[in-house]
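My entries follow in the order I checked things.

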Amino acid sequence: MIERIWLDVPYAEKDQAKKAGARWDPAAKRWYAPRKGMTALGPWAAAADVPDLLPGEDRTLGDGLFVDLVPSSCWFTNVRFCVTPRDWERLRRMITRRAGMRCEACGAGEDRNAKRWLEAHERWVYDEAARVQRLKRLICLCTDCHTVTHYGYAQVRGLEARAFAHLVKVTGMSRPEARRHINAAFTLWDLRSATAWKLDLSILTDAGVTLKRPPRAAERRGVAAATLAAERGVPQRAPSPADAGEIAARIAVERGIALPAPSPADPREEASAAAPSPSRASKVPDPREEASVPLLRRIFRRGR
């Protein structure tokens, strides 16, 4: 077996690394230095591997496929936003490797032609009394299962029918059962979104993973608006200091996370959007009715 000089190259930096002389190993799905002494590749020198079992991780938590909505008060505090790009690459590599390069929900592998990739997803537990959102597991999901998991984001991207069909196929639920499951997930999401949660990522820090500051709560709406606009190809004005999170937001598009909505232009609409309406938030439309439903306002009304 050839001894590789492995590198830790974040996806966003792959072109830079390639220009500096890095090579791609398609079997290992990892970049490497073709020979020793290539100082230009120093910025991507490999760190120690992340352990397959993170300290305190519960590998039994949240098996299978289900809608797993992140409270709006926790948006942009997912692992990818909270760790450095190089540490994210280390985590992603560990998660896919220990899963045997298969989705842990449906068993599918990557398929470039089908645009199906293997992606990392977090499983959280919520301590209601202490108001703590604690990371307890990282799981490998394929693009299709990940789309189901972030069902609200699937809706605003026009992928609800596809996500619904995949949920039914993988779980064996009947269509009415799947509808009830989705409604229950949105009801729970609405309740949890009313709480400001403290973040506990100790299973990462205890494994030597470096954290960075995610976008602050006040910045998240601008980040979300920029992300959604970038995905839809909507021209944006020149960035201002308030848009500092836009670069990070574009990264989110690659993997798919739940996003809050942009601010309404009319102050009267903003006041209306802020008013609690659990029945609106928890009702899931039939995919055939998607075009007539103001999904951004209905789903992400708490994105402040």
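**Strand pairing in the sheet**

I started with I5 and found its bridge partner in strand 3, A33. The model is predicted, so I read every value here as computed from it. Next I looked up W6; Y32 of strand 3 is its bridge partner. Two bridges join strand 1 to strand 3, residues 30-33, and the two run antiparallel.

I then turned to strand 2. It pairs with strand 3 over three bridges, again in the antiparallel sense. R23 stands opposite Y32 of strand 3.

I wrote down the order as 1-3-2: three strands in an open sheet, with antiparallel pairing. Strand 1 (5-6) and strand 2 (23-25) are at the edges; each has a single partner strand, so one side of each lacks a neighbour in the sheet.

**Hairpin and side chains**

I checked the link between strand 2 and strand 3. This hairpin has four residues between the strands, and K29 takes a positive phi near 55°.

Which way do the side chains of strand 3 point? I found R30 and Y32 pointing one way, W31 and A33 the other. All four are buried. In a regular strand, side chains alternate between the two faces of the sheet.

**Whole protein**

I listed 13 helices and six strands. Of the 304 residues, 46% count as buried. The protein exposes about 15,200 Å², and carbon and sulfur atoms supply 54% of that. Among contacts between residues at least 6 apart in sequence, 74% join residues at least 24 apart.

Terms used:
Residues are numbered from 1 along each chain as its sequence is written. This is a predicted model: local features need pLDDT of at least 70, side-chain atom pairs count only at pLDDT 80 or more; totals for chains, interfaces and linings use all residues. Side-chain values use heavy atoms; hydrogens and water are left out. Two strands pair if DSSP finds at least two bridges between them. Buried means under 20% relative accessible area, exposed over 50%, partly exposed in between (1.4 Å probe, protein chains only). Contact means heavy atoms within 4.5 Å. Accessible areas come from the Shrake-Rupley method with a 1.4 Å probe; for residues, only the protein chains shown count as cover.
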